Amino acid sequence: MKYDVTVIGSGPGGYVAAIRCAQLGFKTAIVEKYNTLGGTCLNVGCIPSKALLDSSEHFHNAEHTFKEHGIDIPAPKVNFKQMIARKGDVVKANTDGIQFLMKKNKIDVFHGHGSFVDKNTIKVAGEKEETISTDKVIIATGSKPSSLPFINIDKKRVITSTEALELKEIPKHMIIIGGGVIGLELGSVYKRLGADVSVVEFFDRIIPGMDSTMSKELTKSLKKLGVKFYLKHKVTGVEVKGKNVTVKADTPNGEVVELKGDYCLVSIGRRAYTDGLGLENVGITTDKAGRIETDDHLRTSADNIYAIGDVVKGAMLAHKAEEEGVLVAEQLAGQKPHINYNLIPGVVYTWPEVAGVGQTEEQLKEAGKAYKVGSFPYKALGRARASMDTDGLVKILADKTTEEILGVHIIGARAADMIAAGVTAMEFRASAEDVSRMSHAHPTYMEAVKEACLAATDAGPIHM
Ligand code: FAD
């Protein structure tokens, strides 16, 4: 079998690259070692986590906010088996959708572990062994959860996000190592469902990559929900005895704390996955973190092989992987696409949601850039009051002289969707004044963006 392009890995990077290649007229194959397509994102990442976040949020609202809205119902109960089953149905609908798209675009799907024999030959070890002959290759093999050398992930009591999406019971006390996006999202799910949740974080704040105002506000909201935080704590050991897990950590003042629970979720990040790919057969190297090294065009040291998504440097996000998939496909067709990595938004789907794009205040300070800040709180928004979602704020960072928007950071209801407006404004290099002079429908959460932009100009906000 001879192909123009072979994509290894069917996550959002790989399947999007394959579709764009096929649309551009290349005869395309995709290799996936699991039975279903869609990679981490669709099977054990973005989609199932959001399914459980939404279900647990419905439960939380039924328990805590319905009454105030004037809806009296008997005390709601969680049917966890059904919740997990629904999540499974959502995953299946999405992965089947990718299967359909492969067929529609006439992309040949090979199931099995792909590895390089040489730079134009891929061996697929599936039910039977097959060999693909190919002109170009796109590596999109993604990532796997990381751990610490002294932690034994037994996948029963000491688990990763993958197992946390498939539990058979609601934990009594889930201890989460790592206060990043994945840990906080899954922690929110189980906290809302009734578990005690403790987060142990090495840094002095959660979501350390995001703007520090967002960390502070999210900590407040999650504390209100009942999540306990152990910041500046260094985990030194995890022990399992029967159904009990003990996590030991050094506190900031040199003492040792022991947390006891029934599940420990290790969510300290993810590592690029290239196991068994045969990179040595094509002379491709990885960096210290195990990521495939590429040039700015995502080309590896082998001239016909490209790499995209979590397996290369940059944010480990589905939409970043997708952009890179499109970029490589279009480059292969002789086009000159471009990705603005500064404008890849980051989102945390807790409640309230957190979203950010562009520079954080910490980054601007470090770069010595003169900037202005404009913020607007949700509690001053009519729309937020109407829906009782008043936790949150919008923070706009703008150049001190030109008022060009340099960063948009939102915590609050619908932040995940609202951030697209920040991306659009920044892509067109809008100033805070530009956005503040655009009509925003009333009453909407987006009015907080307009008001925060006003706050970043000399005019000042109207409703505060
Ligand atoms: P992956 O999705 O990891 O896909 C790689 C694929 O390659 C896998 O299917 C794998 O089986 C296959 N593969 C690997 N090696 C081989 C081989 N040798 N042969 C054949 N196949 C191979 N990102 C977001 O943007 N938004 C979110 O809300 C979000 N939520 C997340 C929640 C969780 C719990 C997790 C774990 C991740 C989340 N992410 C989210 C991150 C997102 O899932 C990844 O950034 C994204 O999946 C990366 O896409 P990818 O195509 O690079 O790799």
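Analyst: A residue counts as buried if 20 or more other C-beta atoms, placed from the backbone, lie within 10 Å of its own, as exposed if 12 or fewer do, and as partly exposed in between. This is a predicted model, in which local features need pLDDT of at least 70 and side-chain atom pairs count only at pLDDT 80 or more, while totals for chains, interfaces and linings use all residues. Residues are numbered from 1 along each chain as its sequence is written.

The part examined here is helix H6, residues 181-192; helices (H or I, at least four residues) and strands (E, at least two) are DSSP runs numbered from the N terminus. H6 is mostly covered, for 12 of its 12 residues are buried. They are Val181, Ile182, Gly183, Leu184, Glu185, Leu186, Gly187, Ser188, Val189, Tyr190, Lys191 and Arg192.

After H6 comes Gly194, which has a positive phi near 115 degrees.

Two residues of H6 show what lies around it. Ile182, found in this helix, is buried because 22 other C-beta atoms are within 10 Å. Not counting residues up to four places away in sequence, Ile182 touches Ser161 and Ser267, where contact requires C-beta atoms within 7 Å. Leu184 also lies in H6, and it counts as buried because it has 27 C-beta neighbours inside 10 Å. With its neighbours within four places in sequence left aside, Leu184 is in contact with Gly179, Ile206, Ile207, Leu222, Val348 and Thr350.

Under "binding site", an unreviewed UniProt entry lists Gly178, Gly179, Gly180, Val181, Ile182, Gly183, Leu184, Glu185, Glu201 and Gly269. Such annotations may be inferred rather than shown by experiment.

H6 also has a helical partner. Two packed helices are described by the angle between their axes and the distance between the axes. Helix H3 (residues 46-64) packs with H6 at an angle of about 35 degrees, and the two axes are 9 Å apart; the axes are lines fitted to C-alpha atoms over the stretch in contact, with angles from 0 to 180 degrees between N-to-C directions. The crossing of H3 past H6 is left-handed, meaning that the near helix is turned anticlockwise from the far one by less than a right angle. On the H3 side, the contact is made by Ser49, Leu52, Leu53, Ser56, Glu57, Phe59 and His60. On the H6 side, Glu185, Leu186, Ser188, Val189 and Arg192 take part. Sorted by class, the contact has 5 nonpolar, 4 polar and 3 charged residues; Ala, Val, Leu, Ile, Met, Phe, Trp, Tyr, Cys and Pro are nonpolar, Asp, Glu, Lys and Arg charged, and the others, Gly among them, polar.

H3 leads on to another helix, H4. The buried residues of H4 are Met83, Lys87, Val91, Thr95, Ile98 and Met102, and what covers them includes H3, along with helix H1 (12-23), strand E2 (28-32), helix H2 (39-44) and strand E3 (108-111). H4, residues 80-104, has 25 residues and should therefore span 36 Å, which agrees with the 36 Å between its end C-alpha atoms. Lys106 follows H4 and lies in the loop between H4 and E3. Although Lys106 is not a glycine, its phi is positive, about 55 degrees. Lys106 counts as exposed because it has 9 C-beta neighbours inside 10 Å.

Methods:
Expected span 1.5 Å × (residues − 1).
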